[in-house]
Amino acid sequence: MSLRELVVLGTSSAVPTRHRNHNGYLLRWDGQGFLFDPGEGTQRQMLHAGVGAHDITWICVTHFHGDHCLGVPGIVQRIARDGVAHEVQAAYPATGETYWRRLRHASAFADTSVITERPVSGPVTTFEAGPVTLTARPLSHPVESYGYRLDEPDGRRMIPSLLAERGVRGPSIGELQRTGTVTAPDGSVVRLADCSGPRPGQSAAFIMDTRLCEGVFALAEGVDLLVIESTFLSGEEPLASRYGHLTAAQAGRVAAESGVRSLVLTHLSERYDAEDGPRFLEEARRSFDGDVVLAHDLMRVPVPRRDHPDRRARSHVAKASSAS
Ligand SMILES: [Zn+2]
Ligand SMILES: [Zn+2]
């Protein structure tokens, strides 16, 4: 069984609070682990969450404010100390190279050679990350900030009743998947399309510090799982705009207009406490009728099961109604 889930390591913006660590999120995607924005204390949060350095295959930093990157030294040194042997790729804004070099070599340790730097720049950067594509797009924040998105390619799903009808069974099913055709017991040629249907690829987006901008919507479009900052409630919208952040109401609007299936709100300002949680959900739900959760530390959020065919239709309905 493939495992696709978000492990939330920390959820606070700017400074940690008694209940929220600095940011940190591991997206487990089959055999890979995408560690987004390791803030201060991420190494210890991983311990609490049952995540090891060996689980990390990518480190993706949105920008170089401390709540998104001060955990990099601990993570890098733990990768070295634990003898991680596989390649770990590190994506971050190219303009922050100086910050990256300092964090990467922050103190004395027996270094590792497994980390490969993949700086991002320009309007779109894409990487092949095993079977999935990782895309980075610029956001709008006082320092250069990039959001990320993961896309699995579309595939095909075998339909057991059609396989049985054509007499294709056992190892022949694997051959049909690999080669696209197989000879049935009655001598006829069976094509993949005869016994399968489309299986849309899954996707997830990770959008941290930003105002509403083109990049936000491009990253969120049609994803199964959207992890997005909602630093403020809408009463503080002018403040959010000035400092380059989103409100929970704006995050909900992004999810609705983009046809997102499951929404995770995070990166909360320290001005809010536990009693304010329902207000974040209520604001997001004003426009978004899909699943929405307010992240808390050490929470696990599954990537929703495979797409439902009417998702695109929902997306377009939402767009049409928001335009009116
Ligand atoms: Zn932040
Ligand atoms: Zn920031």
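The protein is divided into domain 1 (4-154 + 200-309) and domain 2 (156-197), with bounds from an automatic or database domain assignment. Taken over C-alpha atoms, the centres of domain 1 and domain 2 are 41 Å apart. This is a predicted model: local features need pLDDT of at least 70, side-chain atom pairs count only at pLDDT 80 or more, and totals for chains, interfaces and linings use all residues. Residues are numbered from 1 along each chain as its sequence is written, chains are lettered from A and ligands numbered from 1 in the order in which they are written, and side-chain values use heavy atoms, leaving out hydrogens and water.

**Annotated site**

- An unreviewed UniProt entry annotates D67, H68, D209 and H267 as "binding site"; positions follow the numbering used here, feature names are shortened, and annotations may be inferred rather than shown by experiment.
- These residues span 201 residues in sequence, yet no two of their C-alpha atoms are more than 10.4 Å apart, so they gather at one spot.
- H267 sits in the loop between β16 (262-266) and α9 (277-285); helices (H or I, at least four residues) and strands (E, at least two) are DSSP runs, numbered from the N terminus.
- H267 is buried, at 1% relative accessibility; buried means under 20% relative accessible area, exposed over 50%, and partly exposed in between (1.4 Å probe, protein chains only).

**Around D67**

- D67 lies in the loop between β4 (58-60) and α2 (72-81).
- D67 is also buried, with a relative accessible area of 6%.
- Leaving aside residues up to four places away in sequence, D67 contacts S12, S13, A14, H22, N23, D37, G39, D209 and H267; contact means heavy atoms within 4.5 Å.
- A polar atom of the D67 side chain lies 3.1 Å from the backbone nitrogen of A14.

**Sheet and helices**

- Seven strands form an open sheet of mixed pairing, in the order β6-β5-β4-β3-β2-β1-β18; two strands pair if DSSP finds at least two bridges between them.
- At the edges are β6 (115-120) and β18 (300-302), each pairing on one side only.
- On average, neighbouring strands of this sheet are turned by 20° against each other, direction ignored.
- β1 (residues 4-10) and β2 (residues 24-29) run antiparallel and are joined by six bridges. V7 has L26 in β2 as its bridge partner.
- Helix α1 (residues 42-49) lies across β1, β2, β3 (32-36) and β18, at about 130° to β1; axes are lines fitted to C-alpha atoms, for helices over the stretch in contact, and angles run from 0 to 180 degrees between N-to-C directions.
- Helix α3 (residues 97-104) lies across β5 (88-93) and β6, at about 160° to β6.

Conventions: A polar contact is a pair of N or O atoms within 3.5 Å; within protein, one must be able to donate a hydrogen and the other to accept it, and residues adjacent in sequence count only if both atoms are side-chain atoms.
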